[in-house]
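Subject: Handover of a structure, with notes

Dear colleague,

Please find below the structure that I am passing on to you.

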Amino acid sequence: MRKLVLILLCAVAVFAFGGCGPAERTDTVRYVLEAEPASLDPAMTTALPENIVELQLFEGLTRLDDQDVPQPALAERWDVSADGLTYTFYLRPGLHWSDGVPLTASDFEYAWKRALDPDVASENAYMMFPLVNGEAYFNRQVDAAAVGVHAVDDRTLIVKLAAPTAYFLSLTAFHSYYAVPRHVVEKAPQTWASGNMPIVGSGPYTISKWIHASEIDFVKNETYWDAASVTLPQLEFPISDLQATRLTLVESGQADMMVEPPPADETRLEEAGLYHVAPYLGSYYYVFNVTAKPFDDVRVRKAFALAVRRRALIANVVRSRKQPAYAWVPPGLVDPATGVDFRTAGGTVLQPEDAAAKALLQQAGYDDGSKLPDIRILFNTSEMHKAIAEALQAMWHDELGVTVGLVNQEAKVFMASRSSGDFQIARASWVADYADPMTFLSVFADAENDAQYHNERYTEVIHAAQQTNDAVLRMKLMHEAENILFDDCVIIPIYYTTQPFVAQPYVKGYHWSSLGLVDFKRAYIEK
């Protein structure tokens with residue numbers, strides 16, 4: 001039966017990608033993209049497959065190195081004022097867009113203000129709020145001229161921040177901070193990055209062909225300032241949203257790399273030397289609607305949180321070398337003041353698999369699980385999300401005597417339900433936008449957070465951490481905030497994410513960032 005399945009999948013690959021036999025090794029890395037990009041406009045995209053493509057096409061003032069530390073990129077250097085509020089960036093001389101037009105500091109000013117423009121309605125606008133008047137401009141309280149970014153001349157960009165932002169240089173490597181080509185965008189603001197016309201970029205590669213829902217091909221960008229460091233003359237990204245098809249493409253020689261292989265194949269792939277796991281700054285969790293019964297009672301929330309058996313769930317369902325999560329901020333974020341990992345310093349916040357779970361439910365007046373109102377787990381369509389929901393459903397029945405139903409929704413409907421608070425408890429995940437604990441902790445300080453959670457003390461602590469330039473105090477405040485979040489039991493952390501992927505051993509030099517992006521700038525094929 002397995003052989004028949006592989007044959008059928010190979011037939012799909014032949015039809016879609018032109019063959020199933022081993023391909024001759026060339027100077028091309030072929031990475032199977034897991035979804036068709038809706039757009040490649042850095043101001044508008046939010047999905048990782050889109051951001052991976054953008055990383056090959058564009059560059060920011062900084063670019064993350066192999067340790068995810070921001071390094072000079074389109075900016076050759078910068079100065080920072082003593083109070084941490086003013087950054088002066090100096091662009092490299094002779095920068096050009098891939099169409100040969102000069103790239104200047106004004107392209108950055110234009111791009112950042114465009115991402116904040118309320119009429120553009122970028123979902124990434126919040127990432128620009130550290131700028132002076134960034135949020136005010138987005139909320140139509142000031143005009144664009146008041147935003148804290150200004151091109152003094154072609155090579156000098158002055159940035160003013162509303163408060164010290166310790167991770168600001170990491171932000172300048174994030175896709176919403178990329179410059180975009182104003183001379184192209186203004187001619188076709190809705191379609192300039194849709195693939196219907198040449199996409200003008202600033203990064204190591206440009207797109208040579210985009211067959212929608214099938215394949216994106218790249219060639220080396222000879223106008224790129226660091227073209228000498230780019231080894232591969234071309235890249236190919238076939239596209240498939242099916243795990244099994246992506247794996248078949250790699251194993252049949254039609255591709256070299258793919259992400260998220262089926263868990264059932266992990267052992268076989270590891271034995272073949274093809275299976276890898278990259279670090280990934282993310283948390284998979286369940287979020288309570290703290291205003292919906294019965295989860296408006298913190299004791300009920302804690303009972304459900306303490307009844308989760310994470311290690312068994314990971315061993316039997318999730319796999320992929322995930323780590324059980326007993327806090328919100330994942331490991332991998334080092335305190336620059338002490339050199340100690342934030343998670344190590346903070347320790348376990350939620351008591352693991354606490355036997356007191358049922359007693360808490362009884363204290364809340366539910367000594368008999370049947371007295372609870374109907375409870376439904378909300379999740380979006382995915383085999384893994386369903387399997388995890390079913391496992392939790394069984395745990396809560398066994399540990400608490402509670403019957404829980406399942407509700408599956410298509411992704412767009414699911415996201416709308418979560419953001420509007422139309423749920424009791426729902427699946428969720430969060431991946432870092434930048435390498436700092438604040439990317440996690442600020443989520444629940446947002447007035448529009450999915451949990452419908454509002455705690456004045458929590459918000460005060462987060463704001464204090466955001467506004468201080470004292471690294472020691474900042475970390476202390478963020479640890480305090482995380483403890484408040486768990487005192488209120490807003491979420492159930494399940495596991496810290498990892499990024500499993502399959503790669504042929506001859507592919508070298510790529511970097512898989514802990515932010516979920518794979519960078520092929522220095523990739524090569526070992527002959």
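Which residue in S5 is the bridge partner of Trp-78? The bridge partner is Phe-89.

Some remarks on the basis of these notes come first. This is a predicted model, in which local features need pLDDT of at least 70 and side-chain atom pairs count only at pLDDT 80 or more, while totals for chains, interfaces and linings use all residues. Residues are numbered from 1 along each chain as its sequence is written, and side-chain values use heavy atoms, with hydrogens and water left out. Helices (H or I, at least four residues) and strands (E, at least two) are DSSP runs, numbered from the N terminus.

The hairpin

Strand S4 covers residues 75–80 and strand S5 covers residues 86–91; they pair in the antiparallel sense over five bridges. Two strands count as paired if DSSP finds at least two bridges between them. Asp-79 has Thr-88 of S5 opposite to it. Five residues separate S4 from S5 in this hairpin, and Gly-84 in the turn has a positive phi of about 75°.

The sheet

S4 and S5 belong to an open sheet of four strands, with the order S4-S5-S7-S6 and antiparallel pairing. S4 and strand S6 (149–153) are at the edges, each with a single partner strand, so one side of each has no neighbour in the sheet. On average, neighbouring strands of this sheet are turned by 20° against each other, direction ignored. Helix H3 packs on the sheet and touches S5, S6 and strand S7 (156–160); the direction of H3 makes about 165° with that of S6. Contact means heavy atoms within 4.5 Å. Axes are lines fitted to C-alpha atoms, for helices over the stretch in contact, and angles run from 0 to 180 degrees between N-to-C directions.

The loops

In the loop between helix H3 (105–116) and helix H4 (134–138) lies Ala-121. Its phi is near 60°, a positive value in a residue other than glycine. Gln-452, in the loop between helix H15 (438–441) and helix H16 (456–467), is not a glycine either, yet has a positive phi of about 60°.

Ala-121 counts as partly exposed because its relative accessibility is 46%; Gln-452, at 23%, also counts as partly exposed. Buried means under 20% relative accessible area, exposed over 50%, and partly exposed in between (1.4 Å probe, protein chains only).

Finally, the peptide bond from Lys-293 to Pro-294 is cis, with omega near 0°. Pro-294 is found in the loop between strand S12 (275–288) and helix H9 (298–306).

Yours sincerely
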